Amino acid sequence: MTEKRQFRAIKGTRDILPPESSLWNWFEQTAREVFESYNFREIRLPIFEDTELFARSIGVETDVVSKEMYTFEDRGSIHVGYPQTVDEVIRSNDAVKAAWELKRIPQTPENELRVNLINHACKSISDEGASALLRFVAELHALDLGDSVTLRPEATASVCRAYIEHNMHALPGDAKLYYVGPMFRRERPQKGRYRQFYQIGAEVLGQSDAPAIDAEVLEMLIAFFNRVGLTRTTLYLNSIGDKNCRPDYVALLQNELLNVADKLGPDSQRRIETNPLRVLDSKIPEEQPIIEKLPRISDHLCDACREHFAKLKEELNLRGIKYQENWRLVRGLDYYTRTTFEVTAEGLGSQNAVCGGGRYDGLVELLGGPPTKGIGFAIGSDRSILSIQETGSAPPPLVLSVFIAWMGPKAYPAAVSIARKLRAAGLAVELPPEEMKFKKSLGLADKLGARYALILGEDEAASNTFTLKRLSDAAQKTLTENELLEYLESERRGTRA
Ligand code: ATP
Ligand code: MG
């Protein structure tokens, strides 16, 4: 006998059930409408990508890449085949190199030497060396390597990959793209933090880094938040410099941090080495007075970055967009340059960031594409919707317009027919699949929250009429089919049932 087992959604994932799912659809639909009014178009991306795409773009030292990614080996897509000749070994170069970098080949000095040999010395190799390499490849094959793939933790890297892959730089104007969908990060689940969560994001990729682009992206974001009633938000803004000024600032910061290292906690101490900017992110109370005294990037921007930031602020003022400057806003991912921003909302406790974004001018090039400027943001849908629910600005849920209370076999064909017509007219209709007693039928209509019960007994069927009962006040009238359709349609147009 098989054991009975109850399955549950995996920790950090959840089902979004009705009626909440309507709220989600409305939220995402509104984003599409607002973004399309700014001439952004949707891009649909794969849910998983080559692991290295994320490692390279997001940065191996970030939390996302170092501990939060869902990575697995896609067996059956073997990198290193059965090479018979040195030539074939050479052809599997990239695969071997990638496997080494992803630490999927045992990281011994001996293997490192072999990998380097494959990568550099193949062409002028001796017979002896060649046969040693072939033996090594046989060993690699025994490891049964597959492609390393990762469930996307974010989508900017994928958008850039697609931009390069489809030569979008050759298209007229900037590429203005938006996406909607799930992301995956292995984090500790809590309110507003899940392992499968949802983002709506937008990106502009092209040749220009005009501050007006940054401003329009922010205007679009705020327009969307206003449209969905997420109005009590704060936009934080910063500029983190570019490759000309940031390295000097980071070196200066690192130096200062070393001076105060003994007063910092272990996480911050580690970051002094791995990612000094991230120390500024610290929320640890004891570290706050120390961080306040650290040098600020705004005092160390190069002229071009300073001018870009000043112009951006002018552009925001022109659009009436309120913001707060926050010099500590550095963002977690490595690829940002210049403009960075974050939006927080109410009703969320400590996970209160509902959107993060910024400029990433070097990213496309880093991924092997042409020099390209880029800026974008990602909205966390889970938290935004939570905030909308908690601050009470959610729209009324979808309403069932008509429950068809049919009785008797003679009424049934008329019930099927009118249900189809009402649905075609855009109304939500419930047609009970089996005959119900009158009282039970109206009781269910009530419990389902139907606006109307359409009563259809043998009398009505015989006279080709319908009795429409409004459930809120029991008002009732008898109508012909045409009158009924006209009445419900005009009501739908007026009240959006
Ligand atoms: P946080 O600081 O809250 O971890 P983040 O900087 O990691 O956020 P981003 O990578 O900027 O987040 O993603 C943009 C938005 O996506 C966040 O502002 C947040 O609303 C949402 N988000 C990020 N991670 C999660 C998660 N695990 N669960 C739910 N929403 C998330
Ligand atoms: Mg995070």
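Among the contacts in the chain that join residues at least 6 apart in sequence, 71% link residues at least 24 apart, a contact being a pair of residues whose C-beta atoms, placed from the backbone, lie within 7 Å. The model is predicted, and local features need pLDDT of at least 70, while side-chain atom pairs count only at pLDDT 80 or more and totals for chains, interfaces and linings use all residues. Residues are numbered from 1 along each chain as its sequence is written, and chains are lettered from A and ligands numbered from 1 in the order in which they are written.

The chain holds 19 helices and 16 strands, where helices (H or I, at least four residues) and strands (E, at least two) are DSSP runs numbered from the N terminus. The radius of gyration of the chain is 30 Å, well over the 23 Å that the globule rule gives for 497 residues, so the chain is more spread out than a compact globule; the radius is taken over C-alpha atoms, and the rule is 2.2 Å times the number of residues to the power 0.38. Along its principal axes, the C-alpha trace spans about 95 × 60 × 50 Å. Of the 497 residues, 35% count as buried, a residue being buried if 20 or more other C-beta atoms lie within 10 Å of its own, exposed if 12 or fewer, and partly exposed in between, with C-beta atoms placed from the backbone.

An open sheet of 8 strands runs in the order β1-β5-β6-β11-β10-β9-β7-β8, with mixed pairing; two strands pair if DSSP finds at least two bridges between them. Its edge strands are β1 (41-42) and β8 (324-325), each of which pairs on one side only. Strand β7 (residues 233-239) pairs with β8 in the parallel sense over 2 bridges, and the bridge partner of Y236 in β8 is Q324.

Ligand 1 is surrounded by 18 residues, of which the closest are F197, A353, G356, A378 and G380; a residue is near a molecule if its C-beta atom, placed from the backbone, lies within 6 Å of it. At least two residues of this shell come from each of β6 (196-206), β10 (353-359), β11 (373-380) and α15 (381-390), and β10 supplies the largest share, 4 residues.

The largest nonpolar core has 77 residues, and those with the most contacts inside it are V159, Y163, L177, A202, V217 and L221; such a core is a set of buried Ala, Val, Leu, Ile, Met, Phe, Trp, Tyr and Cys residues joined through C-beta atoms within 7 Å. Helix α9 (residues 211-227) gives the largest share of this core, 9 residues. Leaving aside residues up to four places away in sequence, L177 touches F40, R41, I43, V159, A202 and E203. A second, separate core of 24 residues includes A411, V429, A450 and L454.

In helix α2 (residues 51-58), the buried residues are T51, F54, A55, S57 and I58. They pack against β2 (48-50), α3 (63-68), β3 (70-74), β4 (147-151), α8 (156-165) and α14 (363-366), and just after α2, G59 takes a positive phi of about 105°.

Strand β16 (residues 476-480), by contrast, is hardly covered, with a count of 0 buried residues among its 5. Strand β15 (residues 465-470) pairs with β16 in the antiparallel sense over 5 bridges, K477 in β16 being the bridge partner of L468. This hairpin has 5 residues between the strands, and A474 takes a positive phi near 65°.

Key: Contact = placed C-beta atoms within 7 Å.
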